[in-house]
Amino acid sequence: MLIVLDRHATEDNIQILLQRIKSMGLRAEVIPGSMRTAIGILGNTGYVDADSLTQLPGVKEVIHVTKPYKLVSREWKNEDTVIDVDGVKIGGKNFTVMAGPCSVESEEQLMETAEAVKKAGAQILRGGAFKPRTTPYSFQGLGLEGLKLLQKAKKKFDLPIITELLHVQNLDLVAANTDIIQIGARNMQNFELLMAVGKLKKPVMLKRGMSARMEEFLLAAEYILNAGNPNVILCERGIRTFETATRNTLDLNIVALVRELSHLPIIADPSHGTGRYSLVTPLSLAAFAVGAHGLLIEVHADPSKALSDGDQSLNLENFANLMNKLNHLKKFL
Ligand code: PEP
Ligand code: MN
């Protein structure tokens, strides 16, 4: 539920309202806005006697938020959330490209890729150190060594980094060594993990589960905001459908729909969304067209030698060409 305040509401009016809501056993949050200030009510809002609140001084109207997700909704906050990662902005009118290898494999591999993606214009370097793999026999990532290499690349090329956190046990380690924490598709509904990253202020990129509906995706983000972290970036990375010609189906419908329903930034990952490198550029352009706030792109100097996701990785030249194309589109932002 949202209480929209009168333009002339005083600080005293707000305090009285907050106390009243608290006495009803509910949690209140003041939401400042450029056009209006509102007070959001959280908790079990099954039945709230709204009439008792409408009549308090300073109240303009009481709106019932009908969606199960609240904090992530535009009803709650209409202005786009813009997240600042070391000066790189994500959300609003910005288009931000995160690029790098699926997995950090070696110092040479990471540095070569980092240098090339930076030169081509990527603003954030990606690279997995802890990898969620479908089979236990595949490369599982370099772990701590991978995190150290990412830190080295960050300093050398002045690029903020994003890497995946797989387990709550590694929370402090990963948080201390990355600028954005990635929660992967397989962990989208790992509620303990969501609440744990919600206790931090560090930006979190939440990937959509491969069989998650949009509502479940937004409710997963709600867990993080509800725990106290407003810095969430959503990532559409493709879902399972009846189609097997591509690894997944990049659901661009949801990118456009999430922009209508949520103030959070949403980026697209056409690498996992298609599983084929030849489709990454066309789907990146499509993602831009439907309003994605950015892209997550897997890049490898020699995709044929990649230890994970080589089939969907762009080589350095193809990535530079993609960035060139995107540059021509920036005027449409
Ligand atoms: C990845 O980004 O390399 C990854 C494992 O992604 P997802 O969780 O979307 O499969
Ligand atoms: Mn990958």
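In this predicted model, strands β2 and β3 form a hairpin with 6 residues between them. Strands here are DSSP runs (E, at least two residues) and helices are likewise DSSP runs (H or I, at least four residues), numbered from the N terminus. Strand β2 comprises residues 27-31 and strand β3 residues 38-42; the two run antiparallel and are joined by 5 bridges. Two strands are taken to pair if DSSP finds at least two bridges between them. At one of these positions, I31 has A38 of β3 as its bridge partner. The loop between β2 and β3 contains M35. This residue counts as exposed because its relative accessibility is 73%, where exposed means over 50% relative accessible area, buried under 20%, and partly exposed in between (1.4 Å probe, protein chains only). Although M35 and R7 are 28 residues apart in sequence, their C-alpha atoms are 8.6 Å apart in space.

The model has pLDDT limits of at least 70 for local features and 80 or more for side-chain atom pairs, whereas totals for chains, interfaces and linings use all residues. Residues are numbered from 1 along each chain as its sequence is written, chains are lettered from A and ligands numbered from 1 in the order in which they are written, and side-chain values use heavy atoms, with hydrogens and water left out.

Ligand 1 is surrounded by 13 residues (a heavy atom within 4 Å), and the closest are R126, K131, A185, R186 and R237. This shell divides into 3 nonpolar, 3 polar and 7 charged residues. Nonpolar denotes Ala, Val, Leu, Ile, Met, Phe, Trp, Tyr, Cys and Pro, charged denotes Asp, Glu, Lys and Arg, and polar the others, Gly among them. Polar side-chain atoms lie 2.6 Å from an oxygen atom of ligand 1 in the case of R237, 2.9 Å in that of K131 and 3.2 Å in that of H272. The protein covers 97% of the 300 Å² of accessible area that ligand 1 has on its own, as calculated by the Shrake-Rupley method with a 1.4 Å probe.

Methods
Polar contact = N/O pair within 3.5 Å; in protein donor to acceptor, adjacent residues only side chain to side chain.
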